[in-house]
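Welcome, and thanks for taking a look at this one with us. Please have the sequence and the 3D view ready before reading on.

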Amino acid sequence: MVRSKSILITASLLAFILGLMYIASGSICIYNWITSSLINGEAVLKQFIPSDPWLGIVMISIGLTYNASAYYLMRGNTVLSIASILVGGGLAIIVMGLQVLATLAFVADRLVINEELRLSVIISNLLRIDEILGYVSLIPFLLGYKFYKEMKS
Amino acid sequence: MDKVASKKHKYIVAIVGIPNVGKSVIFNKLTGGKAWVGNWPGVTVEKKVGRFKAEELNAEIEVVDLPGIYSLTAYSVDELIARNFIIEEKPDVVVVIANAANLERSLYLILSIMELGANVVVALNMVDIARSEGYEILHDKLEQVLGIPVVPTIAVSNVGIEELKKSIINSIRRKLSRTKIVSYGKELERIISRMEELLTRSSPELTNRYPSRWLAIKFLEGDEDIISKIKRYVSSSVLDELTKLRHEAEKVVGDIEEYITEVKFRMATEIARLATRQISLTAKISVTDILDAILTHKVLGIPLALSIMYLLFRFAFDLSAPLSDGIDVLINGILRDWVKSLKFLPTWLTSLLADGVIAGVGAVLVFLPVIALFFFVLSILEDIGYLARLAFVIDKILHKFKLPGKSIIPLIMGFGCNVPAVLATRAIEDEKDRKVTALIAPLSSCSARLPVYLTIAGAVMGAYAVAAVMSMYWLSIILALSVGLLFRSTILRGPTTGFIMELPPYLAPRIDNVLMKTWERTKHFLIKAGTVIFLGVIIVWLLSVTGPAGYLGPEALENPDILSKSWIGFLGKVFSVFTSPMGWDWRTTAALIFGFIAKEIIVGSLGVLLGTSEESLREVLSNVFTPLSGFTYMVFILIYVPCIATLASIRSELGLKYAIITALYQVILAYIIALLISILGGIIVG
C-alpha cells in the first residue's frame, strides 16, 4: 500500500506540473488567436503553439483536470485524485493521437491533390505543444492506471 | 406430410427495456442482425423487426424491437408506442431486458408491463458488470418472486442468448399472465376491484381488449389516453361512478399517480433487495465510478464536455480532408471531364450532366466523409455511454434557457446534419421540450453551411476569415438557446422537465454497433444527395438555361449577361428588392433561393451565377461582396429557412404547422439580424 501511495504521489506531482504547462499553453493558444485573428498582431511561439481558441479551451481543461489530482490528493481523496489523472491523461493522449492522425491525413491529402509535401510542415505538426505534452502525459497516465489496478485488486 | 401440417406458425415477440440496457444487441443476437426497418403507424419513430426460427414449434418468430422506455405512461411518444403495441398487437411474449447492474429501474418497468397482462420473459443483462461491482443477482429468486422466467445474459459476449431463445419458446407454449403483481393497499384495492366490476359489466368490449385492472389503475392515475378510451365505451352514469371512486381514492391516498408510482418503486426496491447478494465485502471501484467522478464533476464536467465536443469536430474535419478531396478529384475532375469529352451527346445533355448533375451532386458528396466521420465518433460516444453524461452535465446550463439537458444531443447532431438532429428529438419525453428542441435544431450550423462560410470568408475577410467562420458557430449556439427560451416563454410555455435518465455504465464500443449507427445516420445524407439535391441541381440548371424568353442554351452558364435573362436572373432581381439594403446583388440573392433545396447548392449556384469556376470563385466574390455584406450574407445563410429535407423531417415529426412556423421564424429572424448587422456595421465602419 505504501508503494502504491508513492506511485500515486509521483503521478499526481507530475500531473500537477503538466497541468500548469497545459494551462499556460492553452492560454497562449487563445492569446495567439486573439492577436492573429482579431487585432492582426504577432503570435507567440507560433511554431509550437497554434492560434486556436478551441484547442486553448481543451488544453486548459486538461490542465485543470490534472491540477485537480494534486488538490484531491492533498484533501485525502485518492479516488478523485486518480480519476483526475486518468481523465486528464486520457484526454491529453487523445489530443496527441488526433494530431498524429491529422498529420497523416494532411500527408494523404497532399498526395491526393498532388501538391507539394514539405517535410518541415509535417515535423512542425508533430512537434506542436499539444503533441509534446501528450507524449509526456503517457507517464502520469500509466502510473495512474497502475495505481488504479492495484487499488481495484 | 400434408400441406396443412407443414405450414409454419408465426409468433410475435416484443423486446422492451430501459434505454442503454443492451436491447439492440439482444435484438441483433436473436435475429442474427437481419432486420427491416419501418415506422410505427402514425409517427415516424423507427420500428425494427427481425426473425428467428423455432423448430420446436415449427414456427417463425417475429421479433419487434420496441423503443427504449422507463415506464408505460402516456407522457412520451415512445412509451405510448410500446404500451399500445403490447395492448393492441398482443405479442405472444414480451421480453423485458433488465439491467442487472441497476435492477430497481428495470423492475419498475417489468412490474408495469406485467400489470398490462403480458406474457413476460426477463433477460437479466449485464450480470458481469453487477459481479464486477461486488454483487450478483439471484435469478432463480427473482423468478420465484415475479413468477415469470428470468434468464441471465451477457449480450455483448453472446452469453445466455440460446437460453433466452429456449425460454421464449417455452413461454409461447405455456402463456403466463399476472396482472395483480403489485398490491396498492386494502382501501385502494377495494376501489380498484369496484372499478373493475363496473368496467367489465358496462363494457365487456373494452375489458376484452384491455385488462380491467390496468384500465382501473390508469383511470385512477388520470391517464388521458385511457380516460378518453373509457369515455368512448361507457355511459355517462358509469363514468360519473368511476369519477366518484377516483375522488374517493384521492381522499384515501392523496395524489394517486404519485402514490401508485411510489408503491411500485417500493416493491421494485424490495424485490431487488431480495434478489441481490453481495459477493464482495468491499465494493470494488468501477471504471464508471472513476470516470464519472470527473466527467460529471460540477466544475470540470462542462469544460471537459466542451473539449470532447471540440475533439469530435476536429476528428471529423481534419481526417475527412483527403477523402473529400479524393471524391472531388474523382467526381468533379475525372468523371466530369469524361462526360464533357463525350462528343456524341447533344450539347444540352452534356451540360445538364456535367454542369448540373455531376457538378451539383459532386459538390454535395464531398461532404460525405466529414458527415460519416462525425457520426462515427458520435456513435462511439453514444456506445461508450458518454452522451448520456453530456446531457446530464449540460442540463443545468440548458435549464437556464428552459430547455432540458437531453436537447444537447439533437443540437450537437445538428452540427453534422439537421435531419438526424430533428429525428433525435424523439428521445425527449416531454412534448413541449421535444417540440422546442426540434424547432431550434435547424439553427445548429450544419456541415453543409461550412463550405459557404469558408468560400465567402476566404474571399472577403482576409486575416479575419477564421474569426468570421468561428463566429457563425457561436452565433448559432446563442441563437438556438435564445430562440428556445423565447418559444418556451411564449407558444410552448410550460415547466421544463427535470433530468431523468439512466446513466449507463461505461462500456467499450462495439465496432459493428458503431458502424451500423453511423450508416443509419449517414444514410439520410446520401438519400438527400440522391433525391432532393439531385432534383435541386436539375432545377437550378433548368432555371439557368431557360428564361421568360425561352431556351437560352448552356452558354448561359458561361456568360453572366445571358444568365441575367434566365429565370434565375428574374427571381434574383425580384428578391433583390428585399436584399439590396444588405448590399447583395441579384446573383447572390438568387443563390440563396436555391439554398432552400440544400445549403450545399449555394456555392455551386454562386459559381454558375457569377460565371466562374469554383477555383476562381473567391476572387470574383471579393468584387461582389464587401467584408460587411459578406458577413451579413454568412449570417443570413446560418439562420434563414432550413433545407427542404429538414423541413420535411419537422413536418413528419411535429406536423405541417410546426414546419411552417420553423420556416417563417427563421426567414424573419435571418432578415432582421442581417439588416441590423448591416445598419450597425455601416455606422461603425462609416
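## A serine in a helix of chain B

Let us begin with Ser629(B), which sits in helix α31 of chain B, a helix that spans residues 627-639. Please keep in mind that the model is predicted. Is Ser629(B) buried or exposed? Its relative accessibility is 5%, and since buried means under 20%, Ser629(B) counts as buried.

The side chain of Ser629(B) has a polar atom 2.8 Å from the backbone nitrogen of Thr626(B). Leaving aside residues up to four places away in sequence, Ser629(B) touches Met582(B), Gly583(B) and Trp584(B).

## Where chain B meets chain A

Now for the interface between the two chains. Here 40 residues of chain A are in contact with 32 residues of chain B. The area buried between chain B and chain A comes to about 3,100 Å², and carbon and sulfur atoms give 76% of that area. Which three residues supply more than any other three of the area that chain B buries against chain A? They are Ile290(B), Tyr310(B) and Arg314(B), which supply 19% of the area on that side.

Three helices of chain B each give two or more residues to the side that touches chain A: α14 (287-295), α15 (301-340) and α23 (465-489). Of the elements on this side, α15(B) gives the most, with 15 residues. By residue type, the side of chain B that touches chain A divides into 24 nonpolar, 4 polar and 4 charged residues. As for specific pairings across the interface of chain B and chain A, the rule finds 0 salt bridges. It does find 6 residue pairs in polar contact across this interface, with both residues at pLDDT 80 or more.

## Chain A as a whole

Taken along the principal axes, the C-alpha atoms of chain A fill a box of roughly 55 × 35 × 20 Å.

Of the 153 residues in chain A, 47% are buried. How many of the contacts in chain A between residues at least 6 apart in sequence join residues at least 24 apart? The share is 73%.

## Two residues with positive phi

Next, a look at the backbone. Most residues other than glycine have a negative phi. In chain A, Leu45(A) has a positive phi, near 45°. Leu45(A) lies in the loop between α1 (2-38) and α2 (53-74) of chain A.

In chain B, Met126(B) also has a positive phi, with a value near 65°. Where is Met126(B) found? It is in the loop between β6 (120-125) and α5 (127-132) of chain B. Met126(B) has a relative accessible area of 6%, and is therefore buried.

## Cysteines

Finally, a word on cysteines. A disulfide is a covalent bond between the sulfur atoms of two cysteines.

Cys29(A) counts as buried because its relative accessibility is 0%. Cys446(B) counts as buried too, because its relative accessibility is 8%, and the cut-off for buried is under 20%.

Note on methods
Residues are numbered from 1 along each chain as its sequence is written. Chains are lettered from A and ligands numbered from 1 in the order in which they are written. This is a predicted model: local features need pLDDT of at least 70, side-chain atom pairs count only at pLDDT 80 or more; totals for chains, interfaces and linings use all residues. Side-chain values use heavy atoms; hydrogens and water are left out. Buried means under 20% relative accessible area, exposed over 50%, partly exposed in between (1.4 Å probe, protein chains only). Contact means heavy atoms within 4.5 Å. Buried area is the accessible area (1.4 Å probe) that two parts lose on being put together, summed over both. A salt bridge is a side-chain nitrogen of Lys or Arg within 4 Å of a carboxyl oxygen of Asp or Glu. A polar contact is a pair of N or O atoms within 3.5 Å; within protein, one must be able to donate a hydrogen and the other to accept it, and residues adjacent in sequence count only if both atoms are side-chain atoms. Helices (H or I, at least four residues) and strands (E, at least two) are DSSP runs, numbered from the N terminus. Ala, Val, Leu, Ile, Met, Phe, Trp, Tyr, Cys and Pro count as nonpolar, Asp, Glu, Lys and Arg as charged, and the others, Gly among them, as polar.
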